[in-house]
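Student: Can you walk me through the charged pairs and the surface of this one? Let's have the model up first.

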Amino acid sequence: AYGMLSGWSTAGILGCPICMERSKSFRLKHGKKPSYFDCHRQFLPTNHKFRKNKDEFTKNRIERTLPPLRLTGQDIWYRVHHFPSVIEQPYGTNYEYGSTHKWTKRSIFWDLPYWFSHLIHHNLDVMHIEKNVFDNLINTVMDITGKTKDNLNARKDMRLICKRPTLDVDENSRGPKPKAVYTLNKDQRRVLCEWLKSLKFPDGYVSNLGRCVDMKEWKLIGMKSHDCHIIMQRLIPIAFKELLPQFVWGAITELSIFLHDICSTVLKRSHMEKLERDIPIILCNLERIFPPSFFDSMEHLLIHLPYEAKVGGPVHFRWMYPFER
(Lines give C-alpha, C1' and ligand atoms only; values in the text may rest on other atoms or scores of the structure.)
Protein backbone atom coordinates (compact mmCIF):
# COMPACT_ATOMS: atom_id res chain seq x y z
CA ALA A 1 0.00 0.00 0.00
CA TYR A 2 2.80 2.40 0.83
CA GLY A 3 4.44 1.77 -2.53
CA MET A 4 1.21 2.40 -4.39
CA LEU A 5 0.51 5.64 -2.53
CA SER A 6 3.90 7.20 -1.98
CA GLY A 7 6.27 5.34 -4.27
CA TRP A 8 5.07 6.85 -7.51
CA SER A 9 7.40 8.79 -9.74
CA THR A 10 8.00 12.20 -8.23
CA ALA A 11 7.55 13.78 -11.64
CA GLY A 12 4.54 15.86 -12.49
CA ILE A 13 4.29 18.23 -9.58
CA LEU A 14 4.57 21.92 -10.25
CA GLY A 15 8.21 22.59 -11.04
CA CYS A 16 9.51 19.83 -8.70
CA PRO A 17 11.89 18.01 -8.82
CA ILE A 18 12.20 16.60 -12.33
CA CYS A 19 12.53 20.03 -13.89
CA MET A 20 15.65 21.18 -12.07
CA GLU A 21 16.42 23.96 -14.54
CA ARG A 22 13.77 26.12 -12.80
CA SER A 23 14.61 25.22 -9.22
CA LYS A 24 15.61 28.09 -6.92
CA SER A 25 16.77 25.89 -4.05
CA PHE A 26 20.37 26.29 -2.92
CA ARG A 27 22.83 24.80 -0.45
CA LEU A 28 23.58 26.69 2.75
CA LYS A 29 27.25 27.53 3.24
CA HIS A 30 27.39 26.85 6.98
CA GLY A 31 24.37 24.61 7.47
CA LYS A 32 25.48 22.32 4.60
CA LYS A 33 21.86 21.48 3.73
CA PRO A 34 19.50 22.45 0.89
CA SER A 35 17.22 25.42 1.50
CA TYR A 36 14.06 26.53 -0.27
CA PHE A 37 14.17 30.00 1.25
CA ASP A 38 12.79 32.71 -1.06
CA CYS A 39 11.61 30.13 -3.60
CA HIS A 40 7.95 31.09 -3.28
CA ARG A 41 7.74 34.72 -4.37
CA GLN A 42 7.68 33.45 -7.96
CA PHE A 43 4.24 31.93 -7.26
CA LEU A 44 2.79 35.34 -6.33
CA PRO A 45 0.89 37.60 -8.75
CA THR A 46 3.29 39.69 -10.82
CA ASN A 47 2.09 42.92 -9.15
CA HIS A 48 2.37 41.67 -5.55
CA LYS A 49 4.36 43.96 -3.26
CA PHE A 50 6.52 41.11 -1.93
CA ARG A 51 8.14 40.70 -5.35
CA LYS A 52 9.88 44.09 -5.00
CA ASN A 53 10.83 43.67 -1.35
CA LYS A 54 14.64 43.82 -1.10
CA ASP A 55 14.90 43.76 2.69
CA GLU A 56 12.76 40.98 4.16
CA PHE A 57 13.72 38.15 1.81
CA THR A 58 17.03 37.69 -0.01
CA LYS A 59 18.77 41.02 0.38
CA ASN A 60 18.84 43.34 -2.62
CA ARG A 61 16.89 40.89 -4.79
CA ILE A 62 13.71 41.56 -6.77
CA GLU A 63 11.67 38.57 -7.93
CA ARG A 64 10.58 38.79 -11.59
CA THR A 65 10.31 35.14 -12.65
CA LEU A 66 6.99 33.43 -13.28
CA PRO A 67 5.98 30.14 -11.62
CA PRO A 68 7.38 26.96 -13.19
CA LEU A 69 5.07 25.33 -15.68
CA ARG A 70 3.12 22.28 -14.63
CA LEU A 71 4.49 19.47 -16.81
CA THR A 72 2.25 17.11 -18.72
CA GLY A 73 2.88 13.38 -18.94
CA GLN A 74 4.48 13.84 -22.37
CA ASP A 75 6.75 16.60 -21.04
CA ILE A 76 7.97 14.38 -18.22
CA TRP A 77 8.48 11.40 -20.52
CA TYR A 78 10.65 13.56 -22.76
CA ARG A 79 12.89 14.23 -19.76
CA VAL A 80 13.13 10.67 -18.42
CA HIS A 81 12.81 8.37 -21.43
CA HIS A 82 16.59 8.13 -21.97
CA PHE A 83 17.29 7.07 -18.38
CA PRO A 84 17.83 3.35 -17.70
CA SER A 85 14.93 1.51 -16.09
CA VAL A 86 14.97 0.39 -12.47
CA ILE A 87 16.19 -3.09 -13.43
CA GLU A 88 19.20 -1.73 -15.33
CA GLN A 89 22.44 -0.33 -14.02
CA PRO A 90 22.33 3.40 -13.16
CA TYR A 91 24.07 5.74 -15.58
CA GLY A 92 27.43 7.31 -14.97
CA THR A 93 28.27 11.01 -14.91
CA ASN A 94 27.25 11.85 -18.47
CA TYR A 95 23.71 12.99 -17.67
CA GLU A 96 24.45 16.11 -15.60
CA TYR A 97 23.14 14.53 -12.42
CA GLY A 98 22.63 17.12 -9.67
CA SER A 99 22.84 20.15 -11.95
CA THR A 100 19.77 19.75 -14.14
CA HIS A 101 18.01 16.85 -12.39
CA LYS A 102 18.35 14.33 -9.56
CA TRP A 103 17.35 11.12 -11.31
CA THR A 104 19.39 7.99 -11.84
CA LYS A 105 16.68 5.68 -13.18
CA ARG A 106 13.32 5.74 -14.91
CA SER A 107 10.36 4.65 -12.78
CA ILE A 108 8.85 1.29 -13.73
CA PHE A 109 5.43 2.97 -13.76
CA TRP A 110 6.33 4.56 -17.10
CA ASP A 111 5.96 1.09 -18.62
CA LEU A 112 2.22 1.26 -17.93
CA PRO A 113 0.33 2.39 -21.07
CA TYR A 114 -1.96 4.78 -19.17
CA TRP A 115 0.74 6.50 -17.06
CA PHE A 116 1.06 9.43 -19.47
CA SER A 117 -2.56 10.47 -18.89
CA HIS A 118 -2.32 10.83 -15.10
CA LEU A 119 -2.79 14.36 -13.76
CA ILE A 120 -0.79 13.41 -10.64
CA HIS A 121 2.26 11.22 -11.02
CA HIS A 122 3.21 11.42 -7.38
CA ASN A 123 0.85 11.50 -4.41
CA LEU A 124 2.27 13.76 -1.71
CA ASP A 125 1.62 12.28 1.73
CA VAL A 126 0.03 15.03 3.82
CA MET A 127 0.54 13.07 7.05
CA HIS A 128 4.35 13.07 6.82
CA ILE A 129 4.54 16.60 5.41
CA GLU A 130 2.42 17.95 8.27
CA LYS A 131 4.47 16.11 10.90
CA ASN A 132 7.80 17.30 9.51
CA VAL A 133 6.59 20.89 9.22
CA PHE A 134 5.27 20.73 12.79
CA ASP A 135 8.56 19.32 14.10
CA ASN A 136 10.52 22.11 12.42
CA LEU A 137 8.13 24.73 13.74
CA ILE A 138 7.75 23.60 17.35
CA ASN A 139 11.46 22.82 17.82
CA THR A 140 12.44 26.21 16.40
CA VAL A 141 9.87 28.22 18.35
CA MET A 142 10.71 26.40 21.59
CA ASP A 143 14.45 26.69 20.76
CA ILE A 144 15.19 23.02 21.49
CA THR A 145 18.95 22.42 21.51
CA GLY A 146 20.03 20.07 18.74
CA LYS A 147 16.66 20.18 16.96
CA THR A 148 16.02 23.86 16.32
CA LYS A 149 16.48 25.21 12.81
CA ASP A 150 17.79 28.43 14.37
CA ASN A 151 21.24 27.34 15.51
CA LEU A 152 24.54 29.19 15.26
CA ASN A 153 25.25 28.04 11.71
CA ALA A 154 21.74 29.15 10.69
CA ARG A 155 22.49 32.64 11.97
CA LYS A 156 25.74 32.74 10.00
CA ASP A 157 23.85 31.76 6.84
CA MET A 158 21.19 34.33 7.65
CA ARG A 159 23.83 37.03 7.77
CA LEU A 160 24.97 36.11 4.25
CA ILE A 161 21.47 35.95 2.76
CA CYS A 162 19.19 38.34 4.67
CA LYS A 163 19.12 41.85 6.13
CA ARG A 164 18.41 41.10 9.80
CA PRO A 165 21.12 42.95 11.75
CA THR A 166 19.55 42.28 15.16
CA LEU A 167 19.99 38.52 14.64
CA ASP A 168 23.45 38.55 13.04
CA VAL A 169 26.38 36.66 14.50
CA ASP A 170 30.01 37.00 13.52
CA GLU A 171 31.47 34.55 11.01
CA ASN A 172 33.83 33.16 13.66
CA SER A 173 31.42 33.44 16.58
CA ARG A 174 31.17 30.54 19.03
CA GLY A 175 29.16 32.27 21.72
CA PRO A 176 25.40 32.51 22.32
CA LYS A 177 23.24 33.87 19.52
CA PRO A 178 20.92 36.89 20.01
CA LYS A 179 17.38 35.89 20.99
CA ALA A 180 14.86 36.05 18.14
CA VAL A 181 11.27 37.25 18.46
CA TYR A 182 10.00 33.93 17.13
CA THR A 183 11.52 31.87 19.98
CA LEU A 184 10.23 31.36 23.52
CA ASN A 185 12.27 31.86 26.65
CA LYS A 186 12.40 29.30 29.45
CA ASP A 187 9.47 30.78 31.38
CA GLN A 188 7.28 30.82 28.27
CA ARG A 189 8.20 27.20 27.52
CA ARG A 190 7.21 26.26 31.05
CA VAL A 191 3.82 27.96 30.64
CA LEU A 192 3.22 26.15 27.34
CA CYS A 193 4.20 22.73 28.71
CA GLU A 194 2.06 23.13 31.84
CA TRP A 195 -0.91 24.12 29.68
CA LEU A 196 -0.48 21.09 27.40
CA LYS A 197 -0.05 18.84 30.44
CA SER A 198 -3.37 20.00 31.89
CA LEU A 199 -5.48 19.60 28.73
CA LYS A 200 -8.37 17.12 28.64
CA PHE A 201 -9.93 15.81 25.43
CA PRO A 202 -12.93 13.63 24.54
CA ASP A 203 -12.19 9.92 24.60
CA GLY A 204 -10.66 8.80 21.30
CA TYR A 205 -10.02 12.33 20.02
CA VAL A 206 -6.27 12.27 20.67
CA SER A 207 -3.79 10.28 22.72
CA ASN A 208 -2.65 11.41 26.14
CA LEU A 209 -0.62 14.51 25.32
CA GLY A 210 0.59 14.67 28.90
CA ARG A 211 3.01 11.82 28.19
CA CYS A 212 4.60 13.95 25.45
CA VAL A 213 5.57 16.78 27.81
CA ASP A 214 9.00 16.76 29.46
CA MET A 215 8.43 18.79 32.62
CA LYS A 216 12.16 18.86 33.47
CA GLU A 217 13.51 20.40 30.28
CA TRP A 218 10.21 22.02 29.19
CA LYS A 219 9.94 20.44 25.76
CA LEU A 220 7.76 18.01 23.78
CA ILE A 221 8.97 14.45 23.27
CA GLY A 222 7.78 11.20 21.70
CA MET A 223 4.91 12.62 19.69
CA LYS A 224 3.23 10.46 17.08
CA SER A 225 1.98 11.75 13.73
CA HIS A 226 -1.59 12.16 14.98
CA ASP A 227 -0.43 14.08 18.07
CA CYS A 228 1.36 16.51 15.75
CA HIS A 229 -1.77 16.65 13.57
CA ILE A 230 -4.00 17.72 16.49
CA ILE A 231 -1.55 20.25 17.94
CA MET A 232 -0.78 21.74 14.53
CA GLN A 233 -4.37 22.23 13.45
CA ARG A 234 -6.22 22.77 16.73
CA LEU A 235 -3.90 23.95 19.50
CA ILE A 236 -1.19 26.11 17.95
CA PRO A 237 -3.46 29.16 17.32
CA ILE A 238 -4.46 29.03 21.00
CA ALA A 239 -1.11 28.05 22.51
CA PHE A 240 0.96 30.86 20.99
CA LYS A 241 -1.64 33.64 21.14
CA GLU A 242 -0.14 35.23 24.28
CA LEU A 243 3.41 33.95 23.91
CA LEU A 244 4.54 35.31 20.53
CA PRO A 245 4.36 38.75 18.89
CA GLN A 246 1.20 39.33 16.86
CA PHE A 247 2.84 39.14 13.43
CA VAL A 248 4.61 35.87 14.26
CA TRP A 249 1.46 34.35 15.76
CA GLY A 250 -0.54 35.49 12.73
CA ALA A 251 1.81 33.79 10.23
CA ILE A 252 1.84 30.52 12.19
CA THR A 253 -1.94 30.61 12.61
CA GLU A 254 -2.45 31.08 8.87
CA LEU A 255 -0.35 27.96 8.29
CA SER A 256 -2.44 26.07 10.85
CA ILE A 257 -5.70 27.10 9.19
CA PHE A 258 -4.34 26.16 5.76
CA LEU A 259 -3.51 22.63 6.90
CA HIS A 260 -6.91 22.33 8.58
CA ASP A 261 -8.68 23.32 5.36
CA ILE A 262 -6.58 20.95 3.23
CA CYS A 263 -7.50 18.05 5.54
CA SER A 264 -11.25 18.72 5.45
CA THR A 265 -13.47 15.75 4.67
CA VAL A 266 -15.44 17.82 2.14
CA LEU A 267 -13.60 20.01 -0.36
CA LYS A 268 -14.88 22.64 -2.76
CA ARG A 269 -12.96 23.31 -5.94
CA SER A 270 -13.33 27.07 -5.48
CA HIS A 271 -11.88 26.87 -1.97
CA MET A 272 -8.91 24.80 -3.15
CA GLU A 273 -8.22 27.42 -5.82
CA LYS A 274 -8.30 30.07 -3.10
CA LEU A 275 -5.83 28.05 -1.00
CA GLU A 276 -3.65 27.70 -4.08
CA ARG A 277 -3.48 31.50 -4.22
CA ASP A 278 -3.04 31.88 -0.44
CA ILE A 279 -0.25 29.39 0.28
CA PRO A 280 2.53 31.40 -1.48
CA ILE A 281 1.60 34.40 0.67
CA ILE A 282 1.61 32.26 3.83
CA LEU A 283 5.05 30.88 2.99
CA CYS A 284 6.36 34.35 2.16
CA ASN A 285 5.14 35.65 5.52
CA LEU A 286 7.00 32.80 7.21
CA GLU A 287 10.11 33.61 5.17
CA ARG A 288 10.00 37.16 6.52
CA ILE A 289 10.28 35.72 10.05
CA PHE A 290 12.25 32.47 10.15
CA PRO A 291 15.85 31.83 9.00
CA PRO A 292 16.69 30.25 5.61
CA SER A 293 17.60 26.96 7.32
CA PHE A 294 13.97 26.56 8.41
CA PHE A 295 12.78 26.06 4.83
CA ASP A 296 13.64 22.54 3.75
CA SER A 297 11.79 20.48 1.15
CA MET A 298 8.84 19.83 3.48
CA GLU A 299 7.91 23.50 3.75
CA HIS A 300 8.20 23.81 -0.01
CA LEU A 301 5.86 20.87 -0.71
CA LEU A 302 3.02 22.80 0.95
CA ILE A 303 2.80 24.87 -2.23
CA HIS A 304 1.59 21.80 -4.17
CA LEU A 305 -1.02 20.44 -1.76
CA PRO A 306 -4.00 22.54 -2.98
CA TYR A 307 -3.52 21.39 -6.58
CA GLU A 308 -3.32 17.75 -5.55
CA ALA A 309 -6.43 18.14 -3.37
CA LYS A 310 -8.23 19.76 -6.31
CA VAL A 311 -7.30 16.92 -8.65
CA GLY A 312 -7.10 13.93 -6.29
CA GLY A 313 -9.86 14.76 -3.84
CA PRO A 314 -9.87 14.74 0.00
CA VAL A 315 -6.54 13.80 1.54
CA HIS A 316 -8.01 11.24 3.93
CA PHE A 317 -8.31 8.89 0.93
CA ARG A 318 -4.64 9.41 0.07
CA TRP A 319 -2.60 9.96 3.24
CA MET A 320 -0.81 7.22 5.16
CA TYR A 321 -2.77 7.05 8.44
CA PRO A 322 -4.92 3.98 7.57
CA PHE A 323 -2.00 2.10 6.02
CA GLU A 324 0.63 2.73 8.67
CA ARG A 325 -1.86 1.91 11.38
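Tutor: Patches here are built from residues with over 30% relative accessible area and no salt bridge, joining like charges within 9 Å and nonpolar side chains (Val, Leu, Ile, Met, Phe, Trp, Tyr) within 5 Å. Areas are Shrake-Rupley with a 1.4 Å probe, and for residues only the protein chains shown count as cover. This is a predicted model, where local features need pLDDT of at least 70, side-chain atom pairs need 80 or more, and totals for chains, interfaces and linings use all residues. Residues are numbered from 1 along each chain as its sequence is written, and side-chain values use heavy atoms, without hydrogens or water.

Student: What accessible area do Val86, Ile87 and Ile108 have together?

Tutor: These residues form a nonpolar patch on the surface. Their accessible area together is about 310 Å².

Student: How many salt bridges does the whole structure have?

Tutor: A salt bridge means a Lys or Arg side-chain nitrogen within 4 Å of an Asp or Glu carboxyl oxygen. Searching the whole structure gives 19.

Student: Which residue forms a salt bridge with lysine 131?

Tutor: The closest N and O atoms of the pair are 2.9 Å apart. The partner is aspartate 135.

Student: Are arginine 155 and aspartate 150 buried or exposed?

Tutor: Their side chains meet in a salt bridge, 2.7 Å from N to O. Buried is under 20% relative accessible area, exposed over 50%, and partly exposed in between (1.4 Å probe, protein chains only). Arginine 155 and aspartate 150 are both buried.
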